[in-house]
Each structure stands twice: as C-alpha cells, then as structure tokens.
Amino acid sequence: MIPLSHYLVVSTILFGIGAYGLLRTRNAVKILMCIEIMLNAANINLVAFSRYTGEMSGQVFVTFSISIAAAEAAIGLAIILVIYRIYSTIDAGKIDSMKW
Amino acid sequence: MTNDILVFYLIAFTTIISAILVITMRDIFRCAIALLMMFVAIAAIFITLEAEFIAAVQILVYAGAVVVLILFAIMLTKRDGERDMIPVFRGLVSLLFLLVIMLYVGEMNWWRYAPPMEAEAGSTALIGTLLFSEFVVPFEVISLILLVAMIGAIYMAKKEVAE
C-alpha cells in the first residue's frame with residue numbers, strides 16, 4: 001500500500017506549483033487556474049487523511065470544498081468578464097483604478 | 001504491492017507535469033487543456049485512495065464545468081497579461097514555502113500511519129448518511145452559497161441594456 005507521505009508530497013508540490021504560477025502571471029484567467037490547482041492540492045490532503053484515519057467526514061468536507069470552488073470559479077470568471085468589458089484588458093497589472 | 005506504487009508514481013508524475021504545463025505554457029488555451037488533464041489525473045489519485053464518489057464529483061464538476069467556464073472566459077476576452085516578469089524572486093518565495101512544508105511533512109513522520117486494511121464498503125452511502133445527519137447545516141449553507149453565486153454570476157455577466 002502507498003504510504004501517506006507520498007500523497008502529502010504530491011499535494012505539497014502541486015500547491016507550490018500553484019503558488020508560483022499565481023505569483024508569476026498577470027493574466028486574470030490564469031490566476032484563477034492557479035487557484036484551482038491549489039484548491040485541488042488541499043483536496044488531495046483531505047481525502048488522503050480521511051482514508052488513512054478511517055474518518056469519512058474528510059470526504060464530506062471535500063464535497064463542500066468542491067462546491068465552493070465551483071461557486072468561486074463562476075463568480076471569478078463573471079468578474080473577469082465585467083472587468084474586460086470596462087477596461088478591455090484582463091492584465092491584472094493594468095487594472096489599477098483603485099490604486100493610489 | 002509494487003504495482004500499486006508504480007501506478008501511483010505514474011499518476012503523480014502526470015499530475016505534476018500537467019500542473020507545470022499549466023503555469024509555463026504561453027498559449028492560455030493550451031494551459032486550460034493541461035488543467036483538464038491535471039483534473040483527470042487528480043481524479044485518478046482519488047481512486048487510488050478508494051474515494052470513488054469524490055473522483056466522480058471531481059470529473060463532473062472540475063473537468064466538466066470549471067474547465068468549460070474557463071474556456072468560455074478565454075474565448076470572450078482578449079489574450080493578454082502574458083508579459084514576462086522576472087521570475088527569480090517569486091520562484092525563491094515559492095521554493096522557500098515548499099521547503100518549509102516539506103520539512104514539516106518530514107518532521108511529523110506521517111509514514112507511520114498504516115492504512116486501515118479493510119476499506120469501508122459502500123463509502124458513498126456513508127458520505128450520504130453523514131451529509132444528511134451530522135453535516136446537514138453546512139450542507140444547506142453550501143446550497144445557499146451556490147444559489148447566491150449563480151444569481152450573482154448571471155447578474156454580473158449580463159449585458160447592460162443601453163439606456
């Protein structure tokens with residue numbers, strides 16, 4: 001059987017990749033994609049711990065987390081569309097009317 | 001025994017490679033396709049953990065809905081924001097973060113945990129029971145959140161009628 005630490009390492013690497021992509025890119029859609037990567041890394045952790053401790057509530061929480069992620073993606077992409085309509089760009093570095 | 005490990009390594013390799021592709025490729029459309037690949041590989045990881053229900057939900061929600069939403073957003077907007085930034089500092093910050101977590105994982109000796117030998121048969125039924133007994137209030141809150149998110153998204157993305 002696969003040791004628990006393998007899952008933790010995979011999820012950590014995924015989270016690191018997501019964090020790096022989040023810091024690196026300026027494209028708003030890509031920022032959302034990196035957030036999805038990080039959320040998925042957290043889900044792997046939850047399911048792995050739930051399997052290895054025999055506690056099923058971890059999987060219930062993953063169900064919640066997936067629904068939250070879906071809501072977040074819908075709202076985020078709607079916001080991106082509105083921003084694109086107003087600024088005609090989705091470059092996160094150029095949207096600066098609230099910056100002073 | 002060794003087969004399990006081999007399959008897991010293959011899946012983990014696919015997951016990590018496609019995640020790297022998501023953040024490195026220039027064409028954002030291809031990034032979305034790599035993201036799709038990553039979601040499917042993560043569903044495979046869930047199957048190795050014997051969480052079939054979560055794997056099915058992952059395929060339905062992420063690979064089905066979220067990727068389609070992202071593709072729509074890509075099609076409806078101009079592709080920009082791809083200018084290069086000096087990635088050294090950001091890379092160092094993420095690497096440091098990664099190292100700290102790795103050290104923590106190593107410190108806690110998580111590999112002492114042996115998996116329970118018998119998998120609970122019918123884990124999906126157990127999830128349903130938990131969802132409607134112990135976690136019924138969070139469940140209702142989540143459905144409210146989904147409704148609010150749906151209405152909000154429709155309201156925001158709706159085209160303004162010219163006065």
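**View 1. Packing of helices α2 and α3 in chain B of the predicted model**. The axes of α2(B), residues 28-48, and α3(B), residues 52-76, come within 8 Å and cross at roughly 175 degrees; axes are lines fitted to C-alpha atoms, for helices over the stretch in contact, with angles from 0 to 180 degrees between N-to-C directions. The two helices are therefore roughly antiparallel, a term for angles over 145 degrees. Helices are DSSP runs (H or I, at least four residues) numbered from the N terminus.

**View 2. Residues in the contact of α2(B) with α3(B)**. Residues on the α2(B) side include Phe29(B), Leu36(B), Phe39(B) and Phe46(B), and those on the α3(B) side include Ile59(B), Tyr62(B), Val67(B) and Ile74(B). Contact requires C-beta atoms, placed from the backbone, within 7 Å. The contact comprises 20 nonpolar residues, one polar and one charged (nonpolar: Ala, Val, Leu, Ile, Met, Phe, Trp, Tyr, Cys and Pro; charged: Asp, Glu, Lys and Arg; polar: the others, Gly among them).

**View 3. Helix α2(B) and the residue Glu50(B)**. At 1.5 Å a residue, the 21 residues of α2(B) should span 30 Å, and the end C-alpha atoms are 30 Å apart, which agrees; the expected span is 1.5 Å times one less than the number of residues. Just after α2(B), Glu50(B) has a positive phi of about 60 degrees.

**View 4. The side of chain B that touches chain A**. Here 70 residues of chain B are in contact with 62 residues of chain A. The largest share on the chain B side, 11 residues, comes from α3(B). This side divides into 54 nonpolar, nine polar and seven charged residues.

Residues are numbered from 1 along each chain as its sequence is written, and chains are lettered from A in the order in which they are written. In this predicted model, local features need pLDDT of at least 70, side-chain atom pairs count only at pLDDT 80 or more, and totals for chains, interfaces and linings use all residues.

Terms used
Angles under 35 degrees count as roughly parallel, over 145 as roughly antiparallel, 65 to 115 as roughly perpendicular and the rest as oblique. Two residues are in contact if their C-beta atoms, placed from the backbone, lie within 7 Å.
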